[in-house]
Amino acid sequence: SASQTQALTDHLIVQLDDYMAHGVNTVSVYYMGSSGGYSDPFSPDGRRIDPAHRKRMERILRECDRRGMAVIVGIFYQRCERPRLRDWDASREAVRTVTRALKPYRNVIINIANEQNSERYERLPWSRVREVPELIELCRLVKSLDPDRLVGAGGYDHANNEIIGRAKEFDALLFDTAGPEPRSGELYRRFRAAGVKGKPMVNVETFGAWTKRFLPPGVFPEPARRAYLNEVEDVARHEGLYVHFHNNPWCQGVDIGEENRYDLGGRGTTDDPGIRWYFEAVKQARAPAAPIQRAGTKSE
């Protein structure tokens, strides 16, 4: 939700160097936001993005690019109290508008729709993102305007994910999980067995709403901590698998009456709340292996 307000945009940008110092090189930001704050920033015909919103999004992209970071930029979200796009044709036009706006930024992967299978979409003008053939058409639309743009999609319906992952139109499978089981490594093996090959697979929202139970924000009991660390271990074992940290109470606190926080905080305990412990695990997992020293030799 970092593009939803200037305060959130500023808060995210301040954290980017800390993310990079821990080996985290990508963030996910949606034009329509997330449960940490959402809106429809498009004109009713889909041909314009609210100028202030567009400026905030593009500042995030520039700041990430300056640091060598990528951004997964999402378009559609499944919640909106005041939709502005008037119909599906306008929604398609919004995809064109986003594609043109993002053309100067080459550190971007477009994610067509967050959790594309969610039933919440049914009440919205862009509800046809629930249909995989329509997602494929939207991908083709992006490619028609920017052939080299990387595009992905997915959700937590893993049968859909298999179809999306196999579709030649998509460059990445961007899936979600709704709890700690199945693990991302298990899903990676499932998708590979189903024929998803030669493209990255990214769990863009580990655990989903399951994380709401861990309160107060930034306090993680041992079972939750172990589930997060399992994800880090899975990524280390599977080439082409990536995960994005997600925790609703800390990062999307607005949804439960708290504040959104993108800083790392502390050790995840009652007296030192935060998510730094997870980022430190990522840093350790990404560290080069120490050279093996044999008797009578020294490391170079």
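Reader: What covers the buried residues of H2 in this model?
Author: This is a predicted model. The buried residues of H2 are His53, Arg56, Met57, Glu58, Ile60, Leu61, Glu63 and Cys64. Their cover includes H1, strand E1 (26–30), strand E4 (70–76), helix H3 (88–102) and strand E5 (108–113).

Reader: Are H1 and H2 roughly parallel or roughly antiparallel?
Author: Helix H1 covers residues 6–21 and helix H2 residues 51–66. Their axes are 10 Å apart and the packing angle is about 5°. An angle under 35 degrees counts as roughly parallel. Therefore H1 is, relative to H2, roughly parallel.

Reader: Which residues of H2 does H1 meet?
Author: By class, this contact has 5 nonpolar, 2 polar and 4 charged residues. From H1 come Gln6, Thr9, Asp10, Leu12, Ile13 and Leu16. On the H2 side they meet Arg56, Arg59, Ile60, Glu63 and Cys64.

Reader: How far apart are the end C-alpha atoms of H2?
Author: H2 has 16 residues. The expected span takes 1.5 Å times one less than the number of residues. That gives 22 Å for H2, and the distance between its end C-alpha atoms agrees: 22 Å.

Reader: Which glycine follows H2, and what is its phi?
Author: The residue in question comes after H2 and has a positive phi. It is glycine 68, with phi near 80°.

Reader: Which residues does tryptophan 126 touch?
Author: The largest nonpolar core has 80 residues. Trp126 is among those that touch the most other members, along with Tyr19, Phe42, Phe76, Ile112, Phe170 and Tyr278. Leaving out residues up to four places away in sequence, tryptophan 126 touches Met32, Asp40, Phe76, Tyr77, Cys80, Pro83, Leu85, Trp88, Ser91 and Tyr121.

Reader: Is glutamate 134 buried or exposed?
Author: Glutamate 134 sits in helix H4 (residues 132–145). Beyond its neighbours within four places in sequence, glutamate 134 contacts Trp88 and Arg128. The cut-off for burial is under 20% relative accessible area. At 13% relative accessibility, glutamate 134 therefore counts as buried.

Reader: What is the relative accessible area of histidine 158?
Author: Histidine 158 belongs to helix H5 (residues 158–166). Not counting residues up to four places away in sequence, histidine 158 touches Asp176, Leu187, Arg190 and Phe191. Histidine 158 is buried, and its relative accessible area is 13%.

Reader: How far apart in space are histidine 158 and glutamate 137?
Author: In sequence, histidine 158 and glutamate 137 are 21 residues apart. In space, C-alpha to C-alpha, the separation of histidine 158 and glutamate 137 is 20 Å.

Technical notes
Residues numbered from 1 in each chain as written. Predicted model: local features only at pLDDT ≥ 70, side-chain atom pairs only at ≥ 80, totals over all residues. Heavy atoms only, no water. Axes fitted to C-alpha atoms, helices over the stretch in contact; angles between N-to-C directions. Helix = DSSP H or I, 4+ residues; strand = E, 2+ residues; numbered from the N terminus. Parallel < 35°, antiparallel > 145°, perpendicular 65-115°, else oblique. Contact = heavy atoms within 4.5 Å. Nonpolar A, V, L, I, M, F, W, Y, C, P; charged D, E, K, R; others polar. Buried < 20%, exposed > 50% of the residue type's maximum accessible area, 1.4 Å probe, protein only. Core = buried A, V, L, I, M, F, W, Y, C linked by side-chain atoms within 4.5 Å.
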